[in-house]
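Hi,

Here is the structure I said I'd pass on. Have a look at it first, then read my notes below.

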Amino acid sequence: MTLAAHKPTRDPANAVEFDGVSRTFIIHHERVESFQDWFIQRFRRGQPASEEFWALRGVTFNVRRGETLGVIGRNGAGKSTLLKLVTGILEPTGGAVRVSGRLYAMLELGAGFHPELSGRDNIYLNGSIYGFGRKAMRRKYQQIVEFAELENFIDTPVKYYSSGMFVRLGFATAIHMDPEILVVDEVLAVGDSGFRRKCKDAMRALQRRGVTILFVSHDSEEVREFCHRVVLLSGGRVVADGTTEDVLTEYARLQLREAGHAALAASEPAPGSEHAQAQFGQVALRDATGQIVQALAPGAPLTADLLVLSTGNTALDVLLRWRTPLGLLLCETRRTLQPNGPDGTRRLRCHFPAFPVQSGDVMLEAALCDPVTGVVVDRAEVRLTVDGAGGALFAFDHTWEQPAATPHPAAAAPLVAGVKREP
């Protein structure tokens, strides 16, 4: 967790500006421990002792105030370097990074905690680093402890905390520091499902307050859930910048192209490699108007819209499963998918005319499978919240009928002699 100071942005409407930013590192291939080693390497032929590595090259983009910008890309694309430049941990080799506003970075939850201090002391210490006095931290303290669910352990040194307790305290402290700009790097997968839901609710609350968020994640569904716009990095460059769905689709195409190049470079293609070059380009839930939704009214129509990208022309099975957050299977349906677009692109929609879930969260799990072996090639998950008033999970289609009453046969039967019949 880091506090950064930068020059103000040129445009007051921007919270973060990257202007032609580049960053290089020197990679050393051999360790030099003496002048003699250095002298020998100067005259040795072959691989140089060191070389330049460009982690970022000419990166330019802006983040508007109140916007949540996603940053995606494969490992080594430059995401971590970009975040360290935003937070001031690194300085750019070229170009300029401008940040305007109080920035809080969740790069590694709890990274600033002292292991010998208690949870209470670490909360106050963290607050002082970010400029909050003891009086201000007393107002925040109870909220942090309740959010982290650590009331019984708050006076225990954090070195005795479990990993789950540690990250819960880190996340709870971070979101209560009143940031104007929040940098989030793969930190929402903390704790159990209940605590993750609480973390996501807290993120949405920050968005409603107008906090600018720079959001890095490998989870495409989290990016869909939170981001207004997405930047895609590849090889240290910005290769796409636009709406969330467009950039996620381009990211899927990029991964597919890279997988295809790797397969061509291999001397012996792995079994099933043709299927391995197929994946979901998009899994979206749409309402009756065709808009992508994350919440739905009870009984409303719903469509699962699937885009499959493939370099081959073989048939694939698409498997859809609806589950509760705890994993209970509610529904399952399967469809064989044939190529129906250029370059193996395939589109498929599954319509639910009246979605039966009445209240709560459900998960749609989509899987691409080999129709013969059943091997799963790719999978994706989408969460849907049904805005009901609580109560039953399902509404079954049914009707009531009240037929005309007729006397029951037992009512006309004579009483058995000597036996008193109860009414």
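**The sheet**

A105 has V183, in β6, as its bridge partner. Strands here are DSSP runs of E with at least two residues, and helices are runs of H or I with at least four, both numbered from the N terminus. This is a predicted model, where local features need pLDDT of at least 70, side-chain atom pairs count only at pLDDT 80 or more, and totals for chains, interfaces and linings use all residues. Residues are numbered from 1 along each chain as its sequence is written, and side-chain values use heavy atoms, with hydrogens and water left out.

β5 and β6 (residues 181–185) run parallel, joined by four bridges; two strands pair if DSSP finds at least two bridges between them. They belong to an open sheet of six strands with mixed pairing, in the order β5-β6-β7-β3-β8-β9. At its edges sit β5 (103–106) and β9 (237–242), each pairing on one side only.

**The largest pocket**

A pocket is an open set of points on a 1 Å grid over the protein atoms alone, where a 1.4 Å probe fits, with protein on both sides within 12 Å along at least five of seven lines; lining residues have an atom within 4 Å of a point. Of the 42 residues lining the largest pocket, K200, E221, E222, E225 and R383 are the closest to its centre. Which helix gives the largest share of that lining? That's α6, with seven residues. β7 (212–216) is among the elements that supply at least two residues each, and β7 is also in the sheet above.

Cheers
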